[in-house]
Amino acid sequence: YALSEFHIVSGVYFYYLQQDRESMEEIDAVDVGVIKNDTAQWLNYLYMRGSGGMYTAPTHEEVVIGEFGNLIRCFTLAEENGYIYFQANALQAMAETLNFKDNRRLLLEKKKGWIQMVNENECPPDSLPLYLARKSLQLFKIYGDWYQISGAYRTMATYYNYIDEPEKALPLLDMALAYV
């Protein structure tokens, strides 16, 4: 457990320091067979592999699909086991991924079932990132993590900036700053 945790945490730190090679080396050093028996550690691993930057594949499209697949696995396992924190993190990371129109298009074309699974209210695809970010915000508020609440507001602001409605983004960024 300690060795796996060391590699996951080191991977995260290297990621934030923008040391991509070192980050990948650390996350690749995790013994997946061992951590699958520890739900919290397995969820953290899936989230890190899915949230961007810690997944490799030959093409950008394969990276997007692979990352999103890890987020789907993280979300469903977290939901089944009552891990609100990882449910919210997975939803927010999915929203971040889907904020990019090309990613939405790709995932709808190649993995429509995944999109349908997280879109139980059948939102239009272009609204799905905002819907998922709002769901993550609700869960982060239940969990009580102010930093993550701030991040959910930032994700919603990003959505509005991408659809060229900055007047809706600014109040959300103010809310994000209030939580920091």
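Visitor: Which residues do ring pairs link into a cluster?
Guide: The model is predicted: local features need pLDDT of at least 70, side-chain atom pairs count only at pLDDT 80 or more, and totals for chains, interfaces and linings use all residues. Residues are numbered from 1 along each chain as its sequence is written, and side-chain values use heavy atoms, leaving out hydrogens and water. Rings of Phe, Tyr and Trp (its six-membered ring) pair if their centres lie within 6.5 Å; planes under 30 degrees apart are stacked, over 60 edge-to-face, the rest tilted. The cluster joined by such pairs holds Tyr85, Phe86, Phe140 and Tyr143.

Visitor: How many aromatic pairs are there, by this rule?
Guide: Applying the rule to the structure gives a count of 10.

Visitor: In which helix do Trp42 and Tyr45 lie?
Guide: Helices are DSSP runs (H or I, at least four residues), numbered from the N terminus. Trp42 and Tyr45 are 3 residues apart, about one turn, and both lie in helix H4.

Visitor: Is Tyr45 buried or exposed?
Guide: Buried means under 20% relative accessible area, exposed over 50%, partly exposed in between (1.4 Å probe, protein chains only). Tyr45 has 8%, so Tyr45 counts as buried.

Visitor: Is the pair of Tyr85 and Tyr143 stacked or tilted?
Guide: The ring centres of Tyr85 and Tyr143 are 5.2 Å apart. Their planes meet at 45 degrees, so the pair is tilted.

Visitor: How many residues apart are Tyr85 and Tyr143?
Guide: Tyr85 is in helix H6 and Tyr143 in helix H9. The pair links distant parts of the chain, 58 residues apart.

Notes: Helices (H or I, at least four residues) and strands (E, at least two) are DSSP runs, numbered from the N terminus.
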